[in-house]
Amino acid sequence: MARAASLLREGRLVAFPTETVYGLGADATNDRAVARIYAAKGRPSFNPLIVHGPSLEALRPMVQWDARAECVAEAFWPGPLTLVLPRTADCPVSALASAGLETLAIRVPSHPVARQLLAAAGRLIAAPSANRSNALSPTEAAHVVASLGEAVDAVLDGGPCVVGLESTVVDLSGAVPLLLREGGLAREALLEHLPDLRRPEAGSAIKSPGMLAKHYAPDCPMRLGAVDMRAGEALLAFGPDAPAAEIVLNLSETGDLVEAAANLFRHLHALNALAPVGIAVMPVPDVGLGRAINDRLRRAAA
Ligand code: TXA
Ligand code: MG
């Protein structure tokens, strides 16, 4: 446990049991560590992650809390319920964990090993299910090892998961509570506390989590694959050979894709805040995490 906690604090990946499924955990406030999660899962795009905390009190400052959240959190935490709420302005959680969205998914797990890890690390832990992209969620430590192998730095073995099904995800960021994902907490139980709970409209039905993400897009046009600059543009650079530009942020001067992923949303927000005429984006190689980076860049440019 001590070793797992120090690995987490160093920005490494630790898989751990929760009551629902095993999670692939990283320090939620460390951009690079969160980027490593996506690299390990081999996700072709950045889907937002759930941030796990030791208590309601520890998570409350991360989001714009309200009476509905208070009510269901009181009733069901710790447990298999995830709440999606707007991030606070000074939320220290990596923007990559939210995949650039204005909202954050949070939950307090009940599994004793997860709770020990949260306490020992003293960090909030971002964790998707600990499997490679498009593989089944792991409910035993051996599943994690088989699916992720060397990509994970440590696995805490807490035996089989009791619930065995991912958490129920409820979006409380709008006027009407939305059931985004059925899961380990039954809908009937939720309805007692959220009588107006609805599924998302048929037209906006969420087939895969990635589709849910309202895509981050800056206020100005984005030009992908740029090799030179046009007047008034800001540059989102990649690698050592960036063209000269007045406003430039480099995703990774050494061309490291993990570092680039860690910087992506922060740099886009920062450039956008300067209100340039447009943002020129240098080409990013379409391999490994580069595929997810390019997916997000294309959506942001669309
Ligand atoms: O039981 C669970 O929830 C497990 C354990 C490890 O906690 N975690 C898990 O994570 O299933 P993952 O990444 O496999 O699924 C997270 C779900 C996805 O459907 C994702 O789209 C949704 O939560 N989600 C995360 N952040 C969101 C956000 N800001 N807005 C909407 N949906 C979000
Ligand atoms: Mg999953």
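## Domain arrangement

The C-alpha centres of domain 1 and domain 2 are separated by 28 Å, in a structure that is a predicted model. The domain assignment places domain 1 at residues 2–191 and domain 2 at residues 222–301. Across the boundary between these domains, 16 residues of domain 1 make contact with 15 residues of domain 2.

## The second largest pocket

Both domains take part in the second largest pocket, since at least three residues of its lining are drawn from each of domain 1 (2–191) and domain 2 (222–301). The space in this pocket comes to about 290 Å³, and 17 residues line it, with R87, A89, A95, L101 and H269 lying nearest its centre. Helix α9, which spans residues 257–273, supplies the largest share of that lining, namely 3 residues.

## The loop between β4 and β5

T88 sits in the loop that runs between β4 (81–86) and β5 (103–107). Because its relative accessible area is 17%, which falls under the 20% limit, T88 counts as buried. The side chain of T88 reaches the backbone oxygen of P61 at a distance of 2.9 Å. When its neighbours within four places in sequence are left aside, the residues in contact with T88 are P61, M62, V63 and Q64.

A99 also belongs to the loop between β4 and β5. Its phi is near 50°, a positive value in a residue other than glycine. With a relative accessibility of 1%, A99 is classed as buried.

Is A275 buried or exposed? Its relative accessibility is 63%, and because this value is over 50%, A275 counts as exposed.

The peptide bond that joins W77 and P78 is cis, with omega at about -10°. P78 itself is part of the loop between α4 (67–76) and β4.

P109 lies in the loop between β5 and α5 (112–121), and at 0% relative accessibility it is classed as buried. Although P109 and S167 are 58 residues apart along the chain, their C-alpha atoms are separated by 9.4 Å.

D241 is placed in the loop between β11 (233–237) and β12 (248–250). Its relative accessible area of 66% is over the 50% limit, and D241 is therefore exposed. In sequence D241 and V155 are 86 residues apart, while in space the distance between them, taken from C-alpha to C-alpha, is 39 Å.

Definitions and conventions: Residues are numbered from 1 along each chain as its sequence is written. Chains are lettered from A and ligands numbered from 1 in the order in which they are written. This is a predicted model: local features need pLDDT of at least 70, side-chain atom pairs count only at pLDDT 80 or more; totals for chains, interfaces and linings use all residues. Side-chain values use heavy atoms; hydrogens and water are left out. Helices (H or I, at least four residues) and strands (E, at least two) are DSSP runs, numbered from the N terminus. Buried means under 20% relative accessible area, exposed over 50%, partly exposed in between (1.4 Å probe, protein chains only). A polar contact is a pair of N or O atoms within 3.5 Å; within protein, one must be able to donate a hydrogen and the other to accept it, and residues adjacent in sequence count only if both atoms are side-chain atoms. Contact means heavy atoms within 4.5 Å. On a 1 Å grid over the protein atoms alone, a cavity is a set of points where a 1.4 Å probe fits but cannot get out, and a pocket is an open set with protein on both sides within 12 Å along at least five of seven lines; lining residues have an atom within 4 Å of a point. Grid points are joined across faces, edges and corners, and a volume is the space filled by probe spheres set on the points. Domain bounds come from an automatic or database domain assignment.
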